[in-house]
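Subject: A structure for you to look at

Hi there,

Here is the structure I promised to pass on to you. Have a look at it first, and then read on for what turned up.

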Amino acid sequence: MASYDLVVIGSGPGGYVAAIRAAQLGLSVACVEKRATLGGTCLNIGCIPSKALLQSSERYEAAKHHLADHGVQVGSVKLDLAQMMARKDKVVEANTKGVEFLFKKNKVRAVAGTGRITGPNSVTVALTAGGEEVLETKAILIATGSDSVSLPGVEIDEERVVSSTGGLTLKAVPKHLVVIGAGYIGLEMGSVWGRLGAEVTVVEYLDRITPTMDGETAKTLQRILEKQGMKFRLGTKVTKVDTSSKKGVTLTVEPAAGGAAETIACDVVLVAVGRRPYVDGLGLAEVGVTVDERGRVPVDHHFRTNVPSIFAIGDVIPGAMLAHKAEDEGVAVAELLAGHAGHVNYDVIPAVIYTAPEVGSVGKTEEELKAAGIAYKVGKFPFTANGRARANGATDGFAKILADKTTDRVLGAHIIGPEAGTLIAEIAVAMEFGASAEDVARTCHAHPTLNEAVKEAALAVDGRALHM
Ligand code: FAD
Ligand code: NAI
């Protein structure tokens, strides 16, 4: 019987990174994956394919509407959706193969099959190739991720009523796409299909979009997306999705607070109302691992469940469902298992929405600081006043830095604008070093770069922005 120091169940960004780091530190590691390819939700049906389509659709839109502004005439622009999808599939394949390569390089054994925990130190795998294998192990890591959820009574067929997975593989551009949920998936996938020519209506239960985002930033994002043609029905609930007609789908909606119902006709509905931790068939109850009321696996600060030899990370545990958070937890748990001091700083986990413009956030929002009674200063700088943004023709948005009123320490940053997802890393590093806004402001930033907007926001915290 095979015996390991660590058996990881799930090869998403949490699981595969934990497996590699543990192997680097000298542990013998196997990683069980039931999907045909490695890389989990993120590489196969999440981050990577969605970003490939966001990139391609942005190119299409630029060619169709914006290149002429730059003096580039391209004649008639045609969409080849099949080629766009084929490119996305290639990008996914390159990434999943990359994980395969890394496993070989680091001597992690990939076990193809579905894992079930059959004891505190054993995982039984129903092998994809047939038969069963029992893996004995000192430690088990649950990294089984999450799955999309639907609304009561709404059946996902992945053709006309789709989750993000079906939304990444539509065979034609819908005339009218209704997105339920104005969160990460809804806004990113809504942007893709909107750029490719669909009318997009986003129905959101709350009276605002992206509930956890800094309020001013979310309002600005909504305004910009509306300018791009996306329609929002906020404070609205969907009570029925009727697919009985071959001609199209009919949604019944009503105000969330109650009121008259009305119908919306469309041809495709994307349900993007959140994800649930995935522990189906893992045998947690049998082995005594506790789950909370939302199906998540609670862990202590060493990622240990209530069963001492069983650990958990990523989307399956409480906290943000983000790939880089899962990766950092994977590194930390591997280091802890190898006797090192693994740690994740949850105060500095960036979050990015890859719309155009992007939104990058890290640390506290203004709403959170107000609720906590922390006095803070705000420094804000618009991209309209940044030379590089003007040169690039992408001036929507701003960089905003929140700093402690007394100490000037950076507490959070919210950037909506070109490359915001990349720009936010500067503030994440600054926060990890306990920087003040003045530290960022006094750091020399190359000219002309978008990062200068971040520097100017840091200057603005002290009321001394130079270019505004
Ligand atoms: P997962 O990636 O979900 O991997 C879990 C793996 O475990 C799966 O491959 C599953 O098949 C396997 N598994 C489950 N049970 C078993 C079992 N019993 N036996 C064997 N294998 C099993 N996050 C970002 O940070 N940035 C983004 O841009 C981003 N974009 C996204 C876009 C979409 C459309 C979606 C759906 C998600 C996106 N996310 C993004 C979220 C990100 O994908 C997740 O946070 C991340 O994948 C979580 O990693 P994980 O390792 O916890 O689990
Ligand atoms: P989400 O939590 O981001 O957004 C769900 C939205 O649906 C919320 O605004 C919520 O208020 C709304 N909602 C909930 N129930 C509703 C109902 N009945 N009717 C109307 N609206 C309703 O979830 P989403 O977009 O499904 O994404 C899941 C997770 O995947 C994200 O939370 C994020 O962690 C991850 N993700 C991350 C991305 C990134 O980092 N760029 C991209 C895509 C997904």
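Before we start, one term: helices and strands here are DSSP runs, numbered from the N terminus, and a strand is a run of E with at least two residues. Please also keep in mind that this is a predicted model.

With that term in hand, take strand β4, which covers residues 122–127 and includes S122. Is S122 buried or exposed? The cut-off for buried is under 20% relative accessible area, and S122 has 9%, so S122 is buried. Leaving out residues up to four places away in sequence, S122 touches R116, I117, V134, L135, E136, T137 and I140.

You will find L25 in the loop between α1 (13–24) and β2 (29–33). This residue is partly exposed, with a relative accessible area of 24%. Which residues does L25 touch, not counting those up to four places away in sequence? They are A334, E335, A338 and H340. Notice that L25 and A334 are 309 residues apart along the chain, yet their C-alpha atoms are separated by 8.1 Å.

Next, helix α12. It has 13 residues (420–432), and at 1.5 Å a residue it should span 18 Å; the C-alpha atoms at its ends are 19 Å apart, which agrees. Its buried residues are A420, L423, I424, I427, A428, A430 and M431. They cover an arc of only 160° around the axis, which puts them on the same side of α12. What do the buried residues of α12 pack against? Their partners are the strands β17 (351–353), β18 (358–363), β20 (398–404) and β21 (410–417), along with the helices α13 (437–442) and α14 (451–461). After α12 comes G434, which has a positive phi, near 65°.

At least two lining residues come from each of α3 (47–66), α6 (184–195), β9 (199–203) and α7 (215–227). Which element gives the most to this lining? That is α3, with eight residues. Sorted by class, the lining has 14 nonpolar, 13 polar and 11 charged residues.

Enjoy exploring!

Best wishes

Conventions. Residues numbered from 1 in each chain as written. Chains lettered and ligands numbered in written order. Predicted model: local features only at pLDDT ≥ 70, side-chain atom pairs only at ≥ 80, totals over all residues. Heavy atoms only, no water. Helix = DSSP H or I, 4+ residues; strand = E, 2+ residues; numbered from the N terminus. Expected span 1.5 Å × (residues − 1). Buried < 20%, exposed > 50% of the residue type's maximum accessible area, 1.4 Å probe, protein only. Arc of directions from axis to C-beta. Contact = heavy atoms within 4.5 Å. Nonpolar A, V, L, I, M, F, W, Y, C, P; charged D, E, K, R; others polar.
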